[in-house]
Amino acid sequence: MGRAEDRGKEKLSSNGEAAREANESANDPQADAAGANIAWVQPVDNCAHLQATDLVTHEQLPRVTSACETCDDESENWACLSCGHVYCGRYVQGHMLQHHGDTQHPVAASFTDLSFWCFPCEQYLNGLTNPRLTPILDAFHQQKFGEHLPDGRLELQLES
Ligand SMILES: [Zn+2]
Ligand SMILES: [Zn+2]
Ligand SMILES: [Zn+2]
């Protein structure tokens with residue numbers, strides 16, 4: 001109760017919890033599963049849909065502050081990794097799910113917790129271990145927190 005210490009980027013909410021997981025906890029993905037009200041099941045490293053998808057280029061990546069292109073809601077949006085368009089999640093109006101239904105674009109990234117979701121698999125994909133997702137995760141992490149992912153592996157891939 002009362003005023004939880006404001007730790008800036010890491011809010012003591014279930015969302016913050018999920019974000020911290022996604023950012024830091026490649027080794028122990030189940031650590032906070034008990035307290036999280038989103039389904040933090042163990043993410044998979046890869047799937048056939050992701051493998052078959054041409055991902056958006058770095059230049060096409062939207063800002064993490066983008067609003068849903070259909071309803072303009074700003075609270076809980078996802079980026080489609082096939083086309084870079086931004087739509088809201090299922091707790092808003094579900095426009096990303098609708099976009100998936102319209103286009104069959106399979107994988108989206110959450111601006112809320114920087115997780116990756118495959119619609120056909122109904123599974124999270126691990127942005128820290130998949131080499132095609134990691135640069136996207138890092139780009140969104142930079143936008144959101146102003147710094148690279150705290151992960152030494154990234155420098156290998158992102159050195160320009
Ligand atoms: Zn929407
Ligand atoms: Zn799309
Ligand atoms: Zn899949």
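Of its 160 residues, 32% count as buried. Among contacts with a separation of 6 or more, 43% come from residues 24 or more positions apart. As to confidence, the protein chain has a mean pLDDT of 81, with 69% of its residues at 70 or more. One stretch calls for care: across residues 1-37 the pLDDT stays under 50, and the model has 42 contacts beyond four places in sequence for that stretch. Where pLDDT is low, the predicted coordinates should not be read in detail.

An open sheet of 5 strands is arranged in the order S2-S1-S3-S4-S5, and its pairing is antiparallel. S2 and S5 form the edges, each pairing on one side only. On average, and with direction ignored, neighbouring strands of this sheet are turned by 35° against each other. Helix H3, made up of residues 95-103, packs on the sheet and touches S1, S2 and S3; the direction of H3 makes about 120° with that of S2.

Strand by strand, the pairing can be followed in more detail. S1 pairs with S2 in the antiparallel sense over 3 bridges, and Ala 79 has Val 86 of S2 as its bridge partner. The hairpin of S1 and S2 has 5 residues between the strands, and in this hairpin Gly 84 adopts a positive phi near 80°. S1 is also joined to S3 by 3 bridges, again with the two strands running antiparallel; here Trp 78 stands opposite Ser 110 in S3.

In soluble globular proteins, nonpolar side chains tend to be buried together. Once neighbours within four places in sequence are left aside, Trp 78 is in contact with Val 86, Tyr 87, Gly 89, Met 96, Ala 108, Ala 109, Ser 110 and Phe 111.

The buried residues of H4 are Thr 134, Ile 136, Leu 137, Asp 138, Phe 140 and His 141. Thr 134 counts as buried because 21 other C-beta atoms lie within 10 Å, and the cut-off for this class is 20 or more. Thr 134 and Leu 149 are 15 residues apart in sequence, while their C-alpha atoms are 9.2 Å apart in space. After H4 comes Gly 146, with a positive phi near 75°.

In the loop between S3 and S4, Leu 114 has a positive phi near 60° although it is a residue other than glycine. Leu 114 has 24 C-beta neighbours inside 10 Å and therefore counts as buried. Glu 122, in the loop between S4 and S5, is not a glycine either, yet its phi is positive at about 50°. With 9 C-beta neighbours inside 10 Å, Glu 122 counts as exposed. Thr 129 belongs to the loop between S5 and H4 and counts as partly exposed, because it has 15 C-beta neighbours inside 10 Å. The C-alpha atoms of Thr 129 and Asn 46 are 8.7 Å apart in space, although the two residues are 83 residues apart in sequence.

Note on methods: Residues numbered from 1 in each chain as written. Chains lettered and ligands numbered in written order. Buried ≥ 20, exposed ≤ 12 C-beta atoms within 10 Å, placed from the backbone. Helix = DSSP H or I, 4+ residues; strand = E, 2+ residues; numbered from the N terminus. Contact = placed C-beta atoms within 7 Å. Pairing = 2+ DSSP bridges. Axes fitted to C-alpha atoms, helices over the stretch in contact; angles between N-to-C directions. pLDDT = per-residue confidence, 0-100.
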